[in-house]
Amino acid sequence: MTLEYISKVAPLGEAPHSYKLPIKTAHMEPYEEDALAKELHGMATVLLHLEQRKKQLALRCDFNLTDFYLMFDPANTGRIDFLQWEQVFTALRMEPPVGILRLAFRELDRDLDGLLRLQEFIKVMGPHENQYNDYLVNKKPYNSDMNFHRLRAFTPQTQELVTSLLRQL
């Protein structure tokens, strides 16, 4: 909105050069409230399952966030671009629409520079509870002394949990 437009539609505020923007309020019908409540419940359920999956992964002996990050950054450059992000999903035979992948990538990219750094990855992919997150962040890489394919960094059971987590993003 331009200042010119705002000055035409909004009354002046108390401070100089300020405006009171009109707030539109709409009455919701009971069926609309029910539909909204159902959608919010569904979103909360997805977030709850996502957090549970993160906690399950944190307790796996072969899982840590560094190895998880290296799935996307095999050259260990310290940054993941969208193409690398997309390649892992393709390699795991998970091919959500590109728009969904971009949306998930942007959610992780907190500084909006088009690259995911390890700290951004940890903040979003790590569990929210401090005890789980601290344990996972301080956990040493399981594969530190081995050469491994980036998509085979974990045991099959852990890999299944990782894939499940990525599907829920």
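Residues were classed by relative accessible area as buried (under 20%), exposed (over 50%) or partly exposed (in between), with a 1.4 Å probe and protein chains only. The structure is a predicted model, in which local features need pLDDT of at least 70 and side-chain atom pairs count only at pLDDT 80 or more, while totals for chains, interfaces and linings use all residues. Residues are numbered from 1 along each chain as its sequence is written, and side-chain values use heavy atoms, with hydrogens and water left out.

The secondary structure of the protein chain consists of 8 helices and 0 strands, where helices (H or I, at least four residues) and strands (E, at least two) are DSSP runs numbered from the N terminus. The order of elements from the N terminus is α-α-α-α-α-α-α-α. Of the 169 residues of the chain, 34% count as buried.

In helix H7 (residues 130-138), the buried residues are Tyr132, Asn133 and Leu136. These residues lie on the same side of H7, because they cover an arc of only 95 degrees around the axis; the arc is that of the directions from the helix axis to the C-beta atoms. Asn130, Gln131 and Asn138 are exposed and sit on the face of H7 turned away from its buried side. Helix H5 (residues 98-108) has Leu101, Ala104, Phe105 and Leu108 as buried residues. Their arc around the axis is only 100 degrees, which puts them on the same side of H5. An α-helix has 3.6 residues a turn, so residues three or four places apart point the same way. The face of H5 turned away from its buried side carries Leu103 and Arg106, both exposed.

Phenylalanine 121 belongs to helix H6 (residues 118-125) and is buried, at a relative accessible area of 0%.

A salt bridge was assigned where a side-chain nitrogen of Lys or Arg is within 4 Å of a carboxyl oxygen of Asp or Glu; the count comes to 3. Lysine 55 pairs with glutamate 129, with the closest N and O atoms 2.5 Å apart. Lysine 55 is in helix H2 and glutamate 129 in the loop between H6 and H7, so this pair ties together parts that are 74 residues apart in sequence. Glutamate 129 is partly exposed, at 33% relative accessibility. In the salt bridge between arginine 117 and aspartate 113, the closest N and O atoms are 3.0 Å apart; arginine 117 is partly exposed at 34%, as is aspartate 113 at 33%. For arginine 110 and glutamate 107 the corresponding separation is 3.8 Å. Arginine 110 counts as exposed at 52%, and glutamate 107 as partly exposed at 48%.

Surface patches were built from residues with over 30% relative accessible area and no salt bridge, joining like charges within 9 Å and nonpolar side chains (Val, Leu, Ile, Met, Phe, Trp, Tyr) within 5 Å. Accessible areas come from the Shrake-Rupley method with a 1.4 Å probe, and for residues only the protein chains shown count as cover. Met28, Leu36, Leu40 and Met43 make a nonpolar patch of about 370 Å². Methionine 43 lies in helix H2 and is exposed, with a relative accessible area of 53%.

A negative patch is formed by Glu29, Glu32, Glu33 and Asp34. Lys and Arg count as positive and Asp and Glu as negative, whereas His and the chain ends are not counted; a charge is placed at NZ of Lys, CZ of Arg, CG of Asp or CD of Glu. Glutamate 29 is located in the loop between helix H1 (3-9) and helix H2 (30-58) and is partly exposed, at 36% relative accessibility.
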